[in-house]
Amino acid sequence: MAVQLQHAMKPAPTPEDQARQRFVSGLRMFILNDLAGDLRRAYDDRVLPDFRQTHGRDPQTGAEVHKALRQDPAFKTYSALRVNAQKMVWDSVTPVVERERERVGAIADDASQGRVKTEADFTVPRSVSAIDVHFMPGSYTGKGTVEDVTPGAVYDQGLAVFSMGLMGQNLDDIGLSMSRYISRKFPDFRPLRILDLGCTIGHNTLPWKQTYPNAEVIGIDVAGGLLKYGAARASLQGVDVQFQQMNADQLAFPDGHFDLVFSSMFLHELSLKTIGKVFGEIHRVLRPGGLMLHMELPPNTQMGPFEGFYLDWDCYYNVEPFYKAFRDQEPAELCRKAGFSADRYLQFVVPSIGSYGAQAVDDAIAAESHEVNRETTGRLANGIQWFGFGSWKDAAQ
Ligand SMILES: C[S@@+](CC[C@H](N)C(=O)[O-])C[C@H]1O[C@@H](n2cnc3c(N)ncnc32)[C@H](O)[C@@H]1O
């Protein structure tokens, strides 16, 4: 159900707003759990047997699954409702944000002081500015100036509705799960400089500071208004993180500066060309022995055709144009191409800390059971588990 945010910029929704937001979260829960189950049954009971009869074999790819499923009523119901529910997410928060624009703007002006660097003439890449990414009105930058924190408020409240409680009250489940995993799995690794790429409002950046209190933590993004909102949000939550407007494909940091470079849910919104540049930059700014870590959607190369297609749905229907091309890559190969040694690659599946508890993360480390091809891996539905991959940079010779 829709989460009530806990920080001081949290909105003051009317009972009507709350009912609307809870309804949309509930609708998404129904679609992503119940209707997703119907979709799977339609595939197993109708679509797969028909495909086998016609082709004398099983579908080999997600694209074949998509083509075969497209005419099935279960797919049409699922997709039509999911597209509309996505638009309703934003519709359910926009009136609240508009009503509270001045109050939140004033708090953000004050609380973000000294914590954020933005640039008035910054060039936002067209991959962000030219489309309304996942139907978010005005995309990440909105239509106002860099001083306008409205997109931050829309994103914060929208994600609270969208995530149905699965990302926790501060929307930081990914950061909490990932940072616990890394700190417990590699207790001797104690990063002192941490960078989060494409951090949006910093909700998954803050857990790194909470996990490694001695570290200097910086979040970057191309959308200045989001960063200003995120800087205020961090300050009001009492977490000391800095934010800078910057393109991840051209990092304004010296070589070897960071111990850990992290991103979450970021790469799938970049073209393959940009991912190549970003990985090159990460390799450059990491110190020898440092860690690059990405939380992302699991790759098609490690999933069955149905599971792969299920995640690629967003590429076809949710204004996520780069999603499938990214998911078609082998993550280890992306790392290798950027100069990371093949034997320094790491990947894992970590249980969501909010859904399963901290002990489950520790148990996952002990069990080393990281099977990717599961319905819970990367799917925002009950029982979600997060996929992580990355690489250690070779130590100095
Ligand atoms: C899906 S959001 C990331 C969400 C967030 N990291 C999380 O954990 O939920 C993608 C973010 O990447 C930013 N972005 C897109 N292209 C970028 C680039 N080239 N450099 C830096 N940030 C970028 C967008 O503005 C957006 O805030």
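**View 1. Contact between domain 1 and domain 2.** In this predicted model, 46 residues of domain 1 are in contact with 38 residues of domain 2. Several elements give two or more residues to the side of domain 1 that touches domain 2: helix 1 (15–55), helix 2 (62–69), helix 3 (73–99), helix 4 (101–111), strand 1 (116–117), helix 5 and helix 6 (150–162). Helix 6 gives the most to this side of domain 1, with 6 residues. Sorted by class, the side of domain 1 that touches domain 2 has 23 nonpolar, 16 polar and 7 charged residues. The chain is divided into domain 1, which spans 15–162, and domain 2, which spans 173–392. Taken over C-alpha atoms, the centres of domain 1 and domain 2 are separated by 20 Å.

**View 2. The shell around the ligand.** There are 24 residues around the ligand, and Gly198, Thr200, Asn204, Ala248 and Ser264 come nearest. Two or more residues of the shell come from helix 5 (126–129), and two or more from strand 3 (216–221). By class, the shell around the ligand divides into 14 nonpolar, 7 polar and 3 charged residues. The ligand lies between domain 1 and domain 2, because both domains give residues to the shell around it.

**View 3. Helix 2 packed against helix 11.** Two packed helices are described by the angle between their axes and the distance between the axes. For helix 2 and helix 11 (residues 305–317), the angle is about 75° and the axes are 8 Å apart. Helix 2 is therefore roughly perpendicular to helix 11. On the helix 2 side, the residues that meet helix 11 are Gly62, Glu64, Val65 and His66. Their counterparts in helix 11 are Pro305, Phe306, Gly308, Phe309, Asp312 and Tyr316. The contact of helix 2 with helix 11 has 5 nonpolar, 3 polar and 2 charged residues.

**View 4. Helix 4 packed against helix 9.** The axes of helix 4 and helix 9 (residues 224–236) come within 8 Å and cross at roughly 75°. Helix 4 and helix 9 are therefore roughly perpendicular to each other. Ile107, Ala108 and Ala111 belong to helix 4, and they meet Lys228, Tyr229, Ala232, Ser235 and Leu236 in helix 9. By class, the contact of helix 4 with helix 9 has 6 nonpolar residues, 1 polar and 1 charged.

View 5. Strand 1 pairs with strand 4 (residues 242–245) in the parallel sense over 2 bridges. Here Lys117 stands opposite Gln244 in strand 4. Strand 3 and strand 4 also run parallel, and 4 bridges join them. In this pair, Gly219 stands opposite Phe243 in strand 4.

View 6. Strand 6 (residues 286–296) and strand 8 (residues 385–392) run antiparallel and are joined by 6 bridges. The bridge partner of His294 is Phe389 in strand 8.

Technical notes. Residues are numbered from 1 along each chain as its sequence is written. This is a predicted model: local features need pLDDT of at least 70, side-chain atom pairs count only at pLDDT 80 or more; totals for chains, interfaces and linings use all residues. A residue is near a molecule or strand if its C-beta atom, placed from the backbone, lies within 6 Å of it. Ala, Val, Leu, Ile, Met, Phe, Trp, Tyr, Cys and Pro count as nonpolar, Asp, Glu, Lys and Arg as charged, and the others, Gly among them, as polar. Domain bounds come from an automatic or database domain assignment. Two residues are in contact if their C-beta atoms, placed from the backbone, lie within 7 Å. Axes are lines fitted to C-alpha atoms, for helices over the stretch in contact, and angles run from 0 to 180 degrees between N-to-C directions. Angles under 35 degrees count as roughly parallel, over 145 as roughly antiparallel, 65 to 115 as roughly perpendicular and the rest as oblique. Two strands pair if DSSP finds at least two bridges between them.
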